[in-house]
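Let's take a friendly walk through a protein model together. Have a look at the picture and the sequence, and then we can go through some details.

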Amino acid sequence: MIEPHAFLAPDFQSREPKELTLLSIVSQSFFQPFSVEDNLLVILTALTSGSGVGFNRAMLFLTEGDRLRGEMWLGPRSAEEARTIWEILSTPGIGYIEIIEHNRSLLSLEADSLSRRIRPLEFSLAGDNLTVPVTALAKNEILLVRDASREPLIDPRFLQAIDVEEFLCVPLLSQNEVLGEIVLDNAFSRQPIQPKDIKLAGLCGLLAANYISTATLHRKMVEMERLAALGEMSMFIAHQIRNPLAAIGGFTDQLLAAPADESKRRRNLEIIRREIQRLENIIFELTHFLKVDPKTPAPFDPGPAIRAVLMAVELKAASEGRELVSRIEDRLPPILGDPTYFGEALRNLIVNAFEASPPGGRVEVMAERKDAAWVVVSVRDEGRGIPPEVRSKLFTPFVSTKDRGMGLGLLYAKRVMDACGGTIELESEAGRGSTFRLFFRAGEEGRTDP
Amino acid sequence: MNKILIVEDEEALCLLYQEELTDEGYEVTTVRDAEGALDLLRRGHFDLIVTDIRMPGRDGVELITQIVGLRKDIPIVINTAYQSYKDDFMTWAADAYVVKSSSLTELKVRIKDLMTR
């Protein structure tokens with residue numbers, strides 16, 4: 001017998017031990033598409049929900065450098081509001097998702113929220129005379145504070161903000177890294193904090209620290225990937241720009257340094273003009289090919305769209321001494337896509353094929369129905385072929401087999417195909433040319449894999 | 001007259017270097033790829049080589065390795081649009097590293113230093 005079981009404890013009213021319910025709810029929320037703030041809210045909710053740990057209010061502080069800053073404070077603002085909330089939240093059938101929704105709306109009442117009151121609070125983590133709330137972090141201990149107004153080791157600004165005599169400080173630490181602190185109290189029920197509450201609060205603290213640590217690492221990793229991509233891009237662009245700039249600078253200096261005869265003056269100016277045009281092309285390619293924003297794919301007739309592209313490149317083929325051959329099947333079904341982007345992607349592939357082909361070489365453009373669900377448009381050249389080590393990187397930006405290529409044309413074609421639910425494939429053999437195939441979904445009929 | 005071999009795939013830059021370095025008093029030969037450079041080096045004598053790195057076919061790093069194998073004593077100047085090759089130990093065999101810019105001053109100074117060394 002095979003029995004399915006849900007991962008998730010559905011609510012805080014579970015008959016399971018509270019530790020297990022809390023662990024299940026908090027852990028599961030980390031796998032939801034929640035923001036970091038929402039997940040921290042789940043933890044504070046688990047600590048304050050009447051059927052969770054049951055504290056009245058929960059403060060969250062996070063560290064930033066050597067400072068501990070107030071971030072979030074969850075709970076009612078008055079005894080009256082506390083009663084209303086308890087009534088709502090004790091309604092049978094209310095699950096933790098509803099409680100979190102309610103708490104999110106509480107936090108969004110920015111004008112008079114508790115969070116607004118603690119955000120200006122900031123404490124130094126450095127120094128010898130540390131006070132509560134920082135002491136819990138320095139000692140790496142959960143601290144229960146009673147008779148707070150008589151205790152000299154409490155920061156007066158903190159005491160003024162929390163305004164209760166009894167509270168619990170739970171440090172958030174991960175592998176000796178200080179991440180933050182949660183402070184809990186029963187400001188409205190005035191219930192003394194019990195050892196079992198401290199135990200559950202400690203469990204939530206461990207979960208919160210683990211989550212913050214993982215989320216921070218993930219954010220750093222994403223940032224590093226972004227920076228690496230940015231570094232690669234800037235290096236490539238710098239290279240593309242430096243060559244024309246070296247020519248422009250050098251030939252301009254020649255004109256400035258000594259009087260030149262008319263033919264040399266004209267030659268230098270023509271070179272400078274050509275290199276400026278090259279810089280303009282670089283800017284065009286960067287701004288044009290990196291921006292693909294097609295409309296929702298809609299059916300269109302591929303025949304006229306392909307013929308329009310062929311007409312536009314025929315002259316180029318003739319001027320560059322390439323033979324352009326096309327075979328477009330009659331009665332092709334409509335294909336799904338954006339005709340403007342389709343035309344641009346196909347034009348890129350054909351121009352690439354011209355550049356890859358030897359003088360007098362032939363470029364073939366074909367369009368045919370593959371089966372009921374797919375139409376294939378292919379472009380074949382008679383070039384050297386694309387080496388296997390380049391093939392795997394071909395659709396990434398700034399990878400080009402051309403001497404002056406930006407490596408954006410194929411990336412553009414791939415993004416266009418992704419946007420219309422199609423695919424692009426390459427077949428290439430050393431010395432025998434390459435064929436790029438664009439697979440388009442036919443009309444709005446069902447699809448099969450190409 | 002000292003003889004310089006320029007290896008550079010950009011046509012305009014070949015022309016510029018040819019004219020400017022000739023004006024400086026050198027005998028300049030330009031070639032557009034590494035294969036051509038190796039061929040010239042096997043057949044003739046040069047006092048210094050200026051080479052780009054990113055070129056079609058065999059690149060400048062490979063060329064430097066081959067030159068060192070052929071002629072250990074010949075000074076090599078890398079002249080490239082890439083700053084980053086400086087960290088590639090394969091380029092350390094070169095005697096100078098110049099990043100291309102709109103001014104030829106640094107390239108000329110480096111060549112002069114190596115020629116008078």
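## A pair of strands in chain A

In chain A, strand β1 (residues 57–64) and strand β2 (residues 67–74) run antiparallel and are joined by seven bridges. Helices (H or I, at least four residues) and strands (E, at least two) are DSSP runs, numbered from the N terminus. Within this pair, L60(A) stands opposite M72(A) of β2(A).

This is a predicted model, in which local features need pLDDT of at least 70 and side-chain atom pairs count only at pLDDT 80 or more, while totals for chains, interfaces and linings use all residues. Residues are numbered from 1 along each chain as its sequence is written, and chains are lettered from A and ligands numbered from 1 in the order in which they are written.

## The sheet around them

Which order do the strands of the open sheet follow? In chain A the order is β3-β2-β1-β6-β5-β4, six strands with antiparallel pairing; two strands pair if DSSP finds at least two bridges between them. At the edges stand β3 (122–124) and β4 (143–145) of chain A, each with a single partner strand, so one side of each has no neighbour in the sheet. On average, neighbouring strands of this sheet are turned by 25 degrees against each other, direction ignored.

Helix α8 (residues 195–257) of chain A lies across β4, β5 (167–174) and β6 (177–185) of chain A, and runs at about 35 degrees to β5(A). Here axes are lines fitted to C-alpha atoms, for helices over the stretch in contact, and angles run from 0 to 180 degrees between N-to-C directions.

## Chain B and one of its helices

Chain B has four helices and five strands, and along the sequence they follow the pattern β-α-β-α-β-α-β-β-α. Of its 117 residues, 38% count as buried (20 or more other C-beta atoms within 10 Å of a residue's own; exposed means 12 or fewer, partly exposed in between, with C-beta atoms placed from the backbone).

In helix α2 (residues 34–43) of chain B, the buried residues are A34(B), A37(B) and L41(B). Seen down the axis of α2(B), they fall within an arc of 55 degrees, so they line one face of the helix; the arc is that of the directions from the helix axis to the C-beta atoms. The face turned away from the buried side of α2(B) carries the exposed residues D39(B), R42(B) and R43(B).

How values were computed. Two residues are in contact if their C-beta atoms, placed from the backbone, lie within 7 Å.
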